Amino acid sequence: MAAAAALAERGRPLSRPNPAVGAIIVANGPVQGASGPVPCPSGPVVGQGWTQPGGRPHAEAMALEQAGNRAKGATLYVTLEPCAHRSTRGPACADLVSKSGLSRVIIGTCDPDPRTAGQGITHIQQAGIAVTLAQSKSAEDSLSGYLRQRLSGRPHVTLKLALSLDGMIALGNGESRWITGPEARAHTHRERARADAILVGGGTLRADNPRLDVRLPGLEKRSPQRLVLTGGAVPTGWHAISEPAEICGLEGIQYLFIEGGAQTAAAFLKADLVDRLLLYRAPILIGGGQPSIADLGLTGLAAAHHRWTFQDRRQLGSDTLEIYERNPCLPA
């Protein structure tokens, strides 16, 4: 399932408005080696797929087409419940799976879309195919934007902060280029390429006039839609929202990446609309600079605890990236 989730990453965010799904078909039996069959408890991979740009074909359709007749008696691993509703754009994946001859389907997570929501599983089971619902964290993580949009009516929000060891994002005079090194900045561009939209505050827009594009070779066309949190007019090519709650009305955006401004960071945190934190820490001390987050209005430390769960830490050149996720016990 983790491998299927990794495949799904190739569809993000180009699969919108559909979720980025990954699928792998594993045959039952030995792998054919150079000198004959080689025992293998799970058999060889005979098909794989991920949601294509624009949302079609779906991952299951891609994997089944690649597998052909080798799908008979095989096992399908798919990150999201196969869709049960028919569309003018293509067949229902539950229909394709039911007619495939597969012996088993392992599903990472249910589809909250009411047009499917358990009906895909039922349809496949009625065709005599065994179905296992894995409730896989890797699958759910790979679909975090889609699931957040369906369940909460808003995109999955990542807040990125590039800061010094003492928590500053700029000198006192506003100079901030560059706090982090080239490796950390390249990783930021990779995160931009995975987002549907990127947002900064009005102050950042006026002061820096940022491009907010993707500057990684081969990924330039994945630059996200540009948003700004402001009550004023914005330049051509930008979309304005006047308050964080307006992200609930953004059409077709599953993943929102917030990059700029201490006030903007505080506004989204105070509104409890941040799902993921990326903290890029440079090994420098500034002192007396501009803090990374403005006042959150806390009146006691108790409210600050138990909100974030540590997920990962990695070295990016001389900088360190720390990743935190919203505590899953908190209401959305």
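1. His189 is placed in helix α7, which spans residues 182–193; as the model is a predicted one, this placement should be read accordingly. At a relative accessibility of 12%, His189 counts as buried, because the threshold for that class is under 20%. Leaving aside residues up to four places away in sequence, His189 touches Asp213, Val214, Arg215 and Leu216.

2. Glu60 is listed by UniProt, in an unreviewed entry, under "active site", and this annotation may be inferred rather than shown by experiment. In the model Glu60 sits in helix α2 (residues 59–67) and is buried, with a relative accessible area of 5%. Its contacts, not counting residues up to four places away in sequence, are Ala23, Leu76, Val78, Leu80, Pro82, Cys83 and Cys93.

3. The largest nonpolar core has 26 residues, of which Ile25, Leu76, Val78, Val97, Leu102, Val105 and Ile124 touch the most other members. At least two residues of this core come from each of β1 (22–26), α2, β5 (75–80), α3 (93–98), β6 (104–109), α4 (119–126) and α6 (144–152), and α2 gives the most, with four residues. Apart from this core lies another, of 24 residues, which includes Val157, Leu159, Ala265 and Val274. As a general matter, nonpolar side chains in soluble globular proteins tend to be buried together.

4. Leu102, one of the core residues named above, touches Ile25, Leu64, Ala71, Gly73, Ala74, Thr75, Leu76, Val97 and Ile129, again not counting residues up to four places away in sequence.

5. In helix α4 the buried residues are Gly120, Ile121 and Ile124. They cover an arc of only 100 degrees around the axis, which puts them on the same side of α4, and what covers them includes α3, β6 and β7 (130–133). Just after α4, Gly128 takes a positive phi of about 85 degrees.

6. Strand β13 (residues 255–260) has six of its six residues buried, so it is largely enclosed by the rest of the structure. Strand β8 (residues 156–163) pairs with β13 in the parallel sense over four bridges, with Leu159 having Ile258 as its bridge partner in β13. Strand β10 (residues 197–201) also pairs with β13 in the parallel sense over four bridges, and here Ile198 stands opposite Phe257 of β13.

7. Among the 19 salt bridges counted, Arg307 forms one with Asp272, the closest N and O atoms being 3.0 Å apart. This pair links the loop between β15 (290–291) and β16 (308–316), where Arg307 lies, to the loop between α9 (262–270) and β14 (276–281), which holds Asp272, 35 residues apart. Arg307 is partly exposed at 26% relative accessibility, and Asp272 is partly exposed at 27%.

8. The side chains of Arg281 and Glu322 also meet in a salt bridge, at 3.4 Å from N to O. Arg281 lies in strand β14 and Glu322 in strand β17 (residues 319–326), so parts that are 41 residues apart in sequence are tied together. Arg281 counts as partly exposed at 24% relative accessibility, whereas Glu322 is buried at 10%.

Methods
Residues numbered from 1 in each chain as written. Predicted model: local features only at pLDDT ≥ 70, side-chain atom pairs only at ≥ 80, totals over all residues. Heavy atoms only, no water. Buried < 20%, exposed > 50% of the residue type's maximum accessible area, 1.4 Å probe, protein only. Pairing = 2+ DSSP bridges. Contact = heavy atoms within 4.5 Å. Core = buried A, V, L, I, M, F, W, Y, C linked by side-chain atoms within 4.5 Å. Arc of directions from axis to C-beta. Salt bridge = Lys/Arg side-chain N within 4 Å of Asp/Glu carboxyl O.
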